[in-house]
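Let's take a walk through this protein together. Please bring up the fold and keep it in view as we go.

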Amino acid sequence: MGYQVVTWVFVVVTFLIAFGFLRDETVIDPDDLDNHDAWKATTSTEQSFDLDGQGSSGICDDGLISKSTIPPDAMPAKPMVTPRILKKWFPTQFPSSTDDEFNEQLRNSGLDADATIKLASLPNYKVYKTIYGDDSAVYNVSLDRRFGNLCIWVSKFLKQIVTVLVHQNTWKVLIFGFASFSVAMQWTASEIVLPPFLERRYGESIPIYTIQSINLFGCLIMPPIVGALTTGTEDFQIVMPGLWIMACSPIFIALLPNVFGACVWQLVLTIGEVLWSPRQDSWTASLAPIGMEGFFFAFGSSRELFGPLGDVVMGAMNEKYNTNCLDCRDQYGHFCQNLSNSNGTLQCVSVQESCGLFPTALGDDTVPTCPTTCLECPTWEPTDPSAFWYLLMLFSILTPLSVWVFLPFLRGGRDRNDGCYGVFRMSKRRLLGICGAKNDARSSYDHVRAHESFDSEFVVSDDRPGVSTELEFA
């Protein structure tokens, strides 16, 4: 309870700091605007990126107004450091206007005195509140108009999602994301099932989180090594073996339901994960058009929608195949594993309190003992420790099988009339694809060409010749 209170205190304090001190402001340099020198004099020129093809209205793809003019309410931005301090800290990178050698170089270069002062001083930045809207009069927009603009942008956002969903690359990412849900359940099992499995069967002294850290450290160290060794290899030639390795990894803890088996499971799981998970990210990025990477990565994480369901299922499996022994624990969850002699009476106590549990003798000549695990608790009903891990392995295998079924579509290079993107075609190469063999009907660079063809559906236009600043969906 105390930890929860502290957590909420930090959350509230952080919110108050952010609400009171963070402001949504834009800082610009009047001498270095977004426009080029050729059209800098045209102060009414606007840059816009319109995602629904409704024409330019001075709005970028994130809803910000991008103009070459400076808003009338712009204030000077106070620098956080003075030129004198910069000169002191960086004498060679920031010469002052009194530096004779620096001035001599400027005179030799043909610059006048004004340019000397300008180069030796800090930029004259301007700051103003970030502006959102969809027309040139948005600087003086009323509160009602701002609510109207919000509705417009919500509509544009929904149109953008619908437009993205009609493209083939989007469905590739969605299919792989949902297909990887079953193998991703191993991460949930590692967090929810493994700790109580080890603690209930092998006691509180087991280094549970050290065993879990095998996966964490492996995912930190191994991806750069694997990436260097597999450079130039087609994505699914690495993804498919990685999925199979990770899907079959619970077999080790199923065959050896002990601490050693748990360590081997974490190690093999990590090897499979570092093969397929980073490649999924790079594959998703290769399919995404420029500026839409965020949407595609969100679609790639679509399996997270089933996250709460996975937690519920793992909790139910934990209760069924890894039952607890509450009769041999105190109210804090510790085992009553210490033998205590109180007034000539032997009792089992925990590290915090007396449990009211009496020790049991294993034989006439043995010393009474107290339970250190659920296996030693006299009222505990034993369960099969391997059943859950076998079920987890079988469920995880659904991921590589599902990916293999849609593999011709995910790899690309086929159209809808070619056996529904090759999904319903069967050949020797198709069967070998279950282990990652490359499809003979596809080049390893087809995903790059698919990316380029997807980008070609975006039309770039601008009123100024030779400058492309407006992005529209075709």
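How many helices and strands does the protein chain have? There are 19 helices and eight strands, in what is a predicted model. Of the chain's 474 residues, 40% count as buried. Among contacts with a separation of 6 or more, 69% are between residues 24 or more positions apart.

Now turn to the interior. In soluble globular proteins, nonpolar side chains tend to be buried together. Here the largest nonpolar core has 50 residues, and F176 and W389 have the most contacts inside it. Apart from that core lies another, of 10 residues, including C325, C328, F335 and C370.

Next, have a look at the aromatic rings, which form 11 pairs in the structure. F181 and F395 are edge-to-face, because their planes are at 90°, with the ring centres 6.4 Å apart. Since F181 belongs to helix α7 and F395 to helix α15, this pair ties together parts that are 214 residues apart in sequence. F181 counts as buried at 16% relative accessibility, while F395 is partly exposed at 34%.

F236 and W283 make another edge-to-face pair, with centres 5.3 Å apart and planes at 75°. This one links helix α10, where F236 lies, to helix α12, where W283 lies. Both partners are buried: F236 has a relative accessible area of 2%, and W283 has 3%. Together with F176, W187 and W276, they form one aromatic cluster. F176 itself touches F236, W276 and W283, among others.

Conventions
Residues are numbered from 1 along each chain as its sequence is written. This is a predicted model: local features need pLDDT of at least 70, side-chain atom pairs count only at pLDDT 80 or more; totals for chains, interfaces and linings use all residues. Side-chain values use heavy atoms; hydrogens and water are left out. Helices (H or I, at least four residues) and strands (E, at least two) are DSSP runs, numbered from the N terminus. Buried means under 20% relative accessible area, exposed over 50%, partly exposed in between (1.4 Å probe, protein chains only). Contact means heavy atoms within 4.5 Å. A nonpolar core is a set of buried Ala, Val, Leu, Ile, Met, Phe, Trp, Tyr and Cys residues joined through side-chain atoms within 4.5 Å. Rings of Phe, Tyr and Trp (its six-membered ring) pair if their centres lie within 6.5 Å; planes under 30 degrees apart count as stacked, over 60 as edge-to-face and the rest as tilted. Lists of a residue's contacts leave out its neighbours within four places in sequence.
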